[in-house]
Amino acid sequence: MWYIAVADVFDALSSKRVYKDAMPFEDALAILQKDSGTHFDPKCVEVFIDAKDEVLQVMEKYKE
């Protein structure tokens, strides 16, 4: 379930909400890296960051 937490937190950080603006993509990745090994499995963070091009494509496809 670690991989779901990484994706969920990234989505929460990088998406606009009624109570906050979206965080820039690179800033959200930096938080994942900072919390790798404490809040997130390091391998899951590594794989997510390695797939950042695909993540950007998905974000673009579903942007509001």
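This report looks at the nonpolar core and the aromatic pairs of a predicted model.

Residues are numbered from 1 along each chain as its sequence is written, and side-chain values use heavy atoms, with hydrogens and water left out.

Let us start with the core. The largest nonpolar core contains 13 residues; such a core is a set of buried Ala, Val, Leu, Ile, Met, Phe, Trp, Tyr and Cys residues joined through side-chain atoms within 4.5 Å, where buried means under 20% relative accessible area (1.4 Å probe, protein chains only). Val6, Phe10, Leu29, Leu32, Val45 and Phe48 have the most contacts inside it. At least two core residues come from each of helix H1 (2–14), helix H2 (25–34) and helix H3 (42–50); helices here are DSSP runs (H or I, at least four residues), numbered from the N terminus.

Beyond its neighbours within four places in sequence, Leu32 is in contact (heavy atoms within 4.5 Å) with Val6, Val9, Phe10, Phe40, Val45 and Phe48.

Now to the rings. Searching the whole structure gives two aromatic pairs; rings of Phe, Tyr and Trp (its six-membered ring) pair if their centres lie within 6.5 Å, and planes under 30 degrees apart count as stacked, over 60 as edge-to-face and the rest as tilted.

| Pair | Centre to centre | Between planes | Type |
|---|---|---|---|
| Phe10 and Phe25 | 5.6 Å | 80 degrees | edge-to-face |
| Phe10 and Phe48 | 5.0 Å | 55 degrees | tilted |

Phe10 is in helix H1 and Phe48 in helix H3, so their pair ties together parts 38 residues apart in sequence. Phe10 and Phe25 are both buried, and ring pairs link Phe10, Phe25 and Phe48 into a cluster.

Key
Predicted model: local features only at pLDDT ≥ 70, side-chain atom pairs only at ≥ 80, totals over all residues. Buried < 20%, exposed > 50% of the residue type's maximum accessible area, 1.4 Å probe, protein only.
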